[in-house]
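User: Could you walk me through a sheet and a helix contact in this one?

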Amino acid sequence: MFWHRELIKFSTATKSKSTITKTLVQASLSHFSTASDPPASVAKPSGLGPTKPDEKPRVVVLGSGWAGCRLLKGLNPSLYDIVCVSPRNHMVFTPLLASTCVGTLEFRSVAEPIARIQPSISSAPGSYFFLANSTAVDTENHEVHCETVTDGTDTVDPWKFKISYDKLVIASGAQASTFGIHGVKEHAIFLREVHHAQEIRRKLLLNLMLSDVPGLPEEEKRRLLHCVVVGGGPTGVEFSGELSDFIRRDVHERYSHVKDYIHVTLIEANEILSSFDDRLRHYAIKHLTKSGVRLVRGIVKDVKPENLVLSDGSEVPYGLLVWSTGVGPSTFVNSLGLPKSPGGRIGVDEWLRVPTVQDVFSIGDCCGFLESTGKPVLPALAQVAERQGKYLANLLNKICKDGGGHAYGAKDMNLGDPFEYKHLGSMATVGRFKALVDLRQSKEAKGISLAGFVSWFIWRSAYLTRVVSWRNRFYVAINWLTTLVFGRDISRI
């Protein structure tokens with residue numbers, strides 16, 4: 001029969017296409033395969049196999065934050081094959097992230113592509129960047145287990161693979177602390193990544209436009225336009241300052257119908273900016289209050305879809321909730337069978353090594369000194385992570401030059417001077433051309449502490465010079481100038 005013959009043809013063609021597709025997928029992954037691959041009938045995950053003695057040793061870096069990117073920048077690609085594994089292909093310049101939420105800066109101005117920081121990962125034959133999450137570390141076999149990042153359930157299934165390493169650097173960072181409070185993950189927005197800033201911006205502008213709809217009850221309008229920030233550290237204070245400046249300069253002008261309804265509340269359990277000089281803290285409190293920010297001392301006990309509950313039982317309605325209460329160990333760090341420092345971070349010695357295993361180092365927010373070193377756990381700051389990345393890059397380059405680059409090659413090697421950290425000070429903007437600059441090494445030490453317009457100028461100048469590339473420095477400078485002359489962009493894109 002005619003339809004039967006056509007069905008047979010269609011079935012045969014479908015099988016042929018399936019075979020061709022499978023062959024192409026296998027060919028596209030051939031650069032992961034090792035020389036000792038089993039027959040096709042035996043299922044085995046793809047990966048990068050161990051390096052040979054006559055090949056360059058391989059450094060695998062987990063993470064693309066401040067620590068990981070500073071390490072990538074300092075590693076010598078003529079000494080190592082460099083492999084970076086991270087769920088994002090860029091570094092975020094976090095000190096300026098709050099400015100992107102309200103349109104002072106564009107999002108790409110604070111994102112630096114990994115390939116610009118270390119060009120070899122996109123050009124050298126043995127160096128790669130993999131958009132993936134690390135799921136496990138096999139320290140006995142010197143392997144990292146990874147799983148590719150996908151964009152939701154409607155895309156391709158994640159692909160699992162392994163990477164053999166000669167030297168492994170865990171710089172996977174930390175995650176926002178919720179202290180086990182119910183509803184935080186579901187209803188609050190964290191300010192740690194570019195997509196967080198984009199979500200905050202879209203939510204803020206959506207609430208502004210919805211509140212202007214005729215017939216909306218006044219109580220609902222006040223809730224929609226109530227922006228609550230939990231956490232009185234530098235990030236929370238800077239975001240509150242930027243938001244209050246945005247409200248006074250732009251919202252009052254362009255949303256005149258609702259200007260009397262929008263408010264900002266900053267909730268902190270203890271003192272805001274507790275690491276700063278008392279004089280600077282009082283200045284920040286005075287300026288924020290004058291700018292319209294309501295300061296509330298309290299502990300959040302529960303977060304609901306439209307309001308949060310404080311420890312005294314009072315309820316605070318909100319339309320936008322930003323959570324900025326510090327960081328803690330990530331799920332990946334907790335899953336590793338490695339020694340831990342106080343606070344649950346990966347424990348390291350004075351040379352940033354994990355002492356119980358060979359060829360494993362850790363830097364950034366995910367690590368801390370072991371109690372046996374007698375050193376305190378360093379704060380989760382960008383300057384700490386950057387300094388550790390620079391130190392470890394120089395150390396790994398030295399190890400390779402001395403012949404210890406391959407696995408187990410640096411077992412009994414003299415590593416030289418240990419890592420030492422000296423605090424350079426802290427800075428924070430409080431909005432409206434005002435900032436705080438505290439250049440003391442500790443809260444008890446003597447040093448320079450400034451507040452006001454001069455501090456704001458120092459803050460902007462310092463961060464402009466710290467932006468990684470000249471391209472982004474140019475972007476930031478142009479964005480600042482454009483905002484000063486024309487105001488902030490309020491398009492909801």
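This is a predicted model: local features need pLDDT of at least 70, side-chain atom pairs count only at pLDDT 80 or more; totals for chains, interfaces and linings use all residues.

User: What's the strand order in the open sheet of three strands?

Analyst: The order is β15-β16-β17, with antiparallel pairing, where two strands pair if DSSP finds at least two bridges between them, and strands (E, at least two residues) and helices (H or I, at least four) are DSSP runs numbered from the N terminus.

User: And which strands stand at the edges?

Analyst: β15 (300–303) and β17 (315–317) do, each with a single partner strand, so one side of each has no neighbour in the sheet.

User: How many bridges join β16 and β17?

Analyst: β16 (residues 307–310) pairs with β17 over three bridges in the antiparallel sense, and V309 stands opposite E315 of β17.

User: Switching topic, how do α2 and α11 cross?

Analyst: The axes of α2 (residues 66–74) and α11 (residues 382–401), which are lines fitted to C-alpha atoms over the stretch in contact, with angles running from 0 to 180 degrees between N-to-C directions, come within 7 Å and cross at roughly 30°. That makes the two helices roughly parallel (angles under 35 degrees).

User: Which residues of α2 make the contact?

Analyst: On α2 they are W66, A67, R70, L71 and G74, and their counterparts on α11 include A385, G389 and L396, contact meaning heavy atoms within 4.5 Å.

Notes: Residues are numbered from 1 along each chain as its sequence is written. Side-chain values use heavy atoms; hydrogens and water are left out. Angles under 35 degrees count as roughly parallel, over 145 as roughly antiparallel, 65 to 115 as roughly perpendicular and the rest as oblique.
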